[in-house]
Amino acid sequence: MLEPVTRIKSKTPVAYELRAIHRDTHDTKTFCFALPGDATLDMLPGDYLYVHATVDGKAVKRPYTPSSMPGATGYFDLTVKRYETGTISKYLHGCELGDRVLMSGPNSGGHWVDGMAKQVGFVAGGTGITPMISIIRWILARCLPVELFLVFANKAEADIIFREEWDKDVREHANFHCYHVLEQPPAGWSQGTGRITETTLRAQLPEPGPDTVIFLCGPPPMTDALETTLKAIGHSEQSIILP
Ligand SMILES: Cc1cc2nc3c(=O)[nH]c(=O)nc-3n(C[C@H](O)[C@H](O)[C@H](O)COP(=O)(O)OP(=O)(O)OC[C@H]3O[C@@H](n4cnc5c(N)ncnc54)[C@H](O)[C@@H]3O)c2cc1C
């Protein structure tokens, strides 16, 4: 018989112990937090938690989307980029194993619901990839009959979060397609360069239609511009999902 699972959702902050830290890129780390053995976060892929802290005497909170899959028991992961002048990202990067970090949620974000589309585009800039990680992992792990198209923009190759995972997914899943766009490409780079353009979106994303949704996340100037472009291509407002 399956053991019952405790599903955690809390409006008030709960302290979670930091159990492991993995370096992903030069400025991004994945922080693994402990849950009681039979517990899981009560969330859909793409939902987010608030991290709370008191920094310089001020109470602050910021949203973070767990990169671990919903349903993971005993732990969850946050993948966080450190900004030199950032408040909570710097606080998290300064945490050590055993520290307890206050978080509330999960809260409902732009999430995936099984069956919502047969073709899914993901347009991400930098850490905008984080809400998409758990959605992509979820769909591929469950072998759902969905075609996935990721367009991922970064400054340089060293900034690509989970690069090895994307390369592996392309090799192992015929329904996963990935196109990188770099502002500063290395010599011999064969994928996109500069910024994500309308031409890139037309070439790399599925056609607009009732079976298509597009997740869009990144710095606000990028998402504002690309939301307009996606609509000009013919993607309806309700088919474009923001965090
Ligand atoms: C729903 C949602 C989910 C999110 N999930 C994640 C996640 O999983 N992982 C993650 O790393 N982030 C995620 N973010 C972004 C995160 O919430 C914070 O905004 C980010 O960590 C910066 O917070 P901070 O307190 O460190 O910086 P702040 O104190 O808010 O900003 C201070 C300075 O940091 C710099 N800075 C902050 N954000 C940016 C940026 N996006 N681009 C360039 N410079 C910036 C700027 O110089 C800014 O003036 C998410 C955002 C949303 C809305």
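L102 lies in strand β8 (residues 100-107). Helices (H or I, at least four residues) and strands (E, at least two) are DSSP runs, numbered from the N terminus. This is a predicted model: local features need pLDDT of at least 70, side-chain atom pairs count only at pLDDT 80 or more, and totals for chains, interfaces and linings use all residues. Residue numbers start from 1 along each chain, as its sequence is written.

**L102**
- L102 counts as partly exposed because it has 16 C-beta neighbours inside 10 Å. With C-beta atoms placed from the backbone, a residue is buried if 20 or more other C-beta atoms lie within 10 Å of its own, exposed if 12 or fewer, and partly exposed in between.
- Leaving aside residues up to four places away in sequence, L102 touches P13, A15, H52 and A53. Two residues are in contact if their C-beta atoms, placed from the backbone, lie within 7 Å.
- L102 and T12 are 90 residues apart in sequence, yet 9.2 Å apart in space, C-alpha to C-alpha.

**Domains**
- The protein chain is assigned domain 1 (6-107) and domain 2 (119-241). The bounds come from an automatic or database domain assignment.
- The contact between them takes 14 residues from domain 1 and 14 residues from domain 2.
- On the side of domain 1 that touches domain 2, four residues are nonpolar, eight polar and two charged. Ala, Val, Leu, Ile, Met, Phe, Trp, Tyr, Cys and Pro count as nonpolar, Asp, Glu, Lys and Arg as charged, and the others, Gly among them, as polar.

**Ligand shell**
- Of the 22 residues around the ligand, G86, T87, I88, S89 and T130 come nearest. A residue is near a molecule if its C-beta atom, placed from the backbone, lies within 6 Å of it.
- Elements giving two or more residues to the shell are β6 (58-64), β7 (75-81), α1 (88-93) and α2 (130-141).
- β7 gives the most, with four residues.
- Domain 1 and domain 2 both give residues to the shell, so the ligand lies between them.

**Helix α5**
- T223, L226 and L230 are buried in α5.
- Seen down the axis of α5, its buried residues fall within an arc of 75°, so they line one face of the helix. The arc is that of the directions from the helix axis to the C-beta atoms.
- P221, D224, T228 and A232 are exposed on the other side of α5.
- The cover over the buried residues of α5 includes β9 (119-125), α4 (198-204), β13 (212-217) and β14 (240-241).
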